[in-house]
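This report describes one protein chain for a reader who is new to structural analysis. Please keep the sequence and the 3D view at hand while reading.

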Amino acid sequence: KYDQLDIFIVGFSDGMGISTTTSQGSGNSIMIGPDGYAQLPYVGAVKLAGLTISEATALLTDALGEYIKIPSMSVMIKSYGPRKVYVMGAVSSPGIKEMSIDSLNVFAALSAAGGVNNRGRIKHVQVLRSIGDTMYYKEVNMDSFVKKHDMVQNLALQDGDIVYVPESNKIVFSEDIMPYISGWALYKSITN
């Protein structure tokens with residue numbers, strides 16, 4: 001979704017009527033909409049989300065081939081659209097994080113959320129992905145990724161994935177015990 005594609009067809013200098021003007025100049029580009037479809041002249045809406053470049057080229061060649069003779073066509077990605085990942089649980093800044101395609105992994109998502117807070121269970125980070133009507137779940141150990149360089153733990157994410165850091169029941173000395181000690185010390189200093 002939201003990827004921008006350049007389409008070049010031999011014999012059609014204007015890209016077969018696909019002409020756009022942006023702040024970067026004019027070109028023969030189309031954008032894949034939020035529904036996964038791109039609007040093209042002659043054929044209308046074509047579902048391109050989830051296809052590889054070669055699959056998209058073959059699909060467009062077949063679809064457009066019914067209306068015009070295409071000796072050769074190439075499709076290239078002009079720019080990738082932002083991907084959204086939900087980061088929830090024991091992190092500093094939970095919420096929806098917009099991420100680039102180059103850094104779409106668990107570690108980058110946790111970094112975008114300000115990192116795991118004092119109560120987060122870094123060894124039990126959960127990645128949830130919805131495919132159709134089914135929710136899939138995988139647990140990763142980010143402590144192992146950072147300390148042991150276990151690359152398997154840093155899963156690649158997809159648009160719409162959920163990264164959840166559960167809270168532990170551990171006692172954090174500075175938050176759970178220190179206020180009582182400070183209060184007791186203040187009480188003792190006042191009463192003595």
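The chain contains four helices and twelve strands; helices (H or I, at least four residues) and strands (E, at least two) are DSSP runs, numbered from the N terminus. The model is predicted, so local features need pLDDT of at least 70 and side-chain atom pairs count only at pLDDT 80 or more, while totals for chains, interfaces and linings use all residues. Residues are numbered from 1 along each chain as its sequence is written, and side-chain values use heavy atoms, with hydrogens and water left out.

Of the 192 residues in the chain, 34% are buried. Buried means under 20% relative accessible area, exposed over 50%, and partly exposed in between (1.4 Å probe, protein chains only). Among contacts (heavy atoms within 4.5 Å) between residues at least 6 apart in sequence, 53% join residues at least 24 apart.

Because F107 belongs to helix α2 (residues 106-112) and F145 to helix α3 (residues 142-148), the pair ties together parts that are 38 residues apart in sequence.

| Residue | Relative accessible area | Class |
|---|---|---|
| F107 | 38% | partly exposed |
| F145 | 12% | buried |
| L51 | 35% | partly exposed |

**Two loop residues**

N105 lies in the loop between β9 (95-99) and α2. A polar atom of the N105 side chain lies 2.8 Å from the backbone nitrogen of A108. Leaving aside neighbours within four places in sequence, N105 is in contact with M99, N154, L155, A156 and L157. L51 is found in the loop between β6 (44-47) and α1 (53-65). Not counting residues up to four places away in sequence, L51 touches A56 and L59.

**The largest pocket**

The largest pocket holds about 510 Å³ of space. Of the 22 residues that line this pocket, K1, D3, A49, G50 and R83 are the closest to its centre. The lining divides into twelve nonpolar, four polar and six charged residues.

Technical notes: A polar contact is a pair of N or O atoms within 3.5 Å; within protein, one must be able to donate a hydrogen and the other to accept it, and residues adjacent in sequence count only if both atoms are side-chain atoms. On a 1 Å grid over the protein atoms alone, a cavity is a set of points where a 1.4 Å probe fits but cannot get out, and a pocket is an open set with protein on both sides within 12 Å along at least five of seven lines; lining residues have an atom within 4 Å of a point. Grid points are joined across faces, edges and corners, and a volume is the space filled by probe spheres set on the points. Ala, Val, Leu, Ile, Met, Phe, Trp, Tyr, Cys and Pro count as nonpolar, Asp, Glu, Lys and Arg as charged, and the others, Gly among them, as polar.
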